[in-house]
Amino acid sequence: MASVGQQGDTDDRRSRAGFVVSGYTTVPYTIAYANELVEDPISFEWHNRENRLTYGKPRRGDWMHGVLLGRVRDLRDRPDRRGPERMRKLNRQRQRRCMDKLLCQVCGAPATDPDSGLIPWVLTKTVFERTGPDSGRTNAPPTCWTCMPEALEQCPMLNDDFALYTVASTTSAGVLADLYRLGVPTPTLSRRNVFVAWDAIAFHARALATSHVVELHGMRAVNALDWGSLAAA
C-alpha cells in the first residue's frame, strides 16, 4: 500500500464481470478507464469550526466519516463510453465495492471460498502494512482462487514480490488519501497516498480519499506449493 501511515464457470464469471483482455494484459475489475476519471475542482469551506475540503457543487455521499471522497464514474459496463483503460489508476468506487463486499479485484465476483469461508488475498510489500502477528492493513482487494493464476502471471507488481494468505475477516480501517493545505486561490497538495485512519480526525478535513483501506484478521500464510491445490478444491 503506497505510504500507509500505502471454460464453464470461469468463463461465466468473466462474462458477468465484464472481463476484458487487451493484448497480453487482463484489465482487472478495479482498474479505471479514461472517461471514468473525474477532476472536479475542490476548495476549502468553513464547516463546524474548521476548514474542510469540498467540491464546488457538493453532493450527498461526497463524504465518508468526514473525509471527502475522490469522484469517479462507473462505466465498466459501458464499453462505448468508458474509453481506454488506465492501468495505473484505480476506480475508487469499484475498489471500495470490492473491499465492502469482498469481491475479487480481477473479475468482480465474490472472492470468499464457499467451502472454508476464508478469503484468499495476495499481497506485496507496497500494498500491505503488518499490524499484528495475524493482521495487517491494505488497500488491495482480495483475489479469488479462480483468478489467482492469471493475477500471478500477468500483474507486474507480483512478478518479483508477493505473499499469499487466507483471511478470516476484515474491518474498515480508513482510506489512502492525498492531503491538502490552504492555498491561494486553490488548495495546495502537501502529501500523496497517506493512510488516514477513521479515528485520525485531525486529518479528515484536509484529506481527499483515493482508495479504501481495510484491516485483515486471521491471516494465514499459504505455501506457494499448496495454493494450486486450494484453488482446485
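A: The structure holds one aromatic pair. Rings of Phe, Tyr and Trp (its six-membered ring) count as a pair if their centres lie within 6.5 Å; planes under 30 degrees apart are called stacked, over 60 edge-to-face, and the rest tilted. This is a predicted model, in which local features need pLDDT of at least 70 and side-chain atom pairs count only at pLDDT 80 or more, while totals for chains, interfaces and linings use all residues. Residues are numbered from 1 along each chain as its sequence is written, and side-chain values use heavy atoms, with hydrogens and water left out.

Rings also take part in another arrangement. A charge sits over a ring if NZ of Lys or CZ of Arg is within 6 Å of the ring centre and within 35 degrees of the ring normal. Arginine 71 lies over the face of tyrosine 55, 3.9 Å from the ring centre. Tyrosine 33 has the charged end of arginine 82 over its ring, at 4.3 Å from the centre.

Now the core. A nonpolar core is a set of buried Ala, Val, Leu, Ile, Met, Phe, Trp, Tyr and Cys residues joined through side-chain atoms within 4.5 Å. Buried means under 20% relative accessible area, exposed over 50%, and partly exposed in between (1.4 Å probe, protein chains only). The largest nonpolar core has 21 residues, and the members that touch the most others are Cys104, Trp121, Leu123, Leu216 and Met219. Two or more residues each come from β9 (119–123), β12 (163–167) and β15 (207–217). With three residues, β9 gives the largest share. Strands here are DSSP runs (E, at least two residues), numbered from the N terminus, as are helices (H or I, at least four).

Beyond its neighbours within four places in sequence, leucine 123 is in contact (heavy atoms within 4.5 Å) with residues including Phe128, Tyr165, Leu216 and Met219. A second, separate core of 11 residues includes Val175, Val194, Val196 and Trp198.

The strands β9 and β12 also belong to an open sheet of three strands, ordered β9-β12-β16 with antiparallel pairing. Because β9 and β16 (220–221) stand at the edges with a single partner strand each, one side of each has no neighbour in the sheet. Two strands pair if DSSP finds at least two bridges between them; β12 and β16 have two, in the antiparallel sense. Tyrosine 165 stands opposite alanine 221 in β16.
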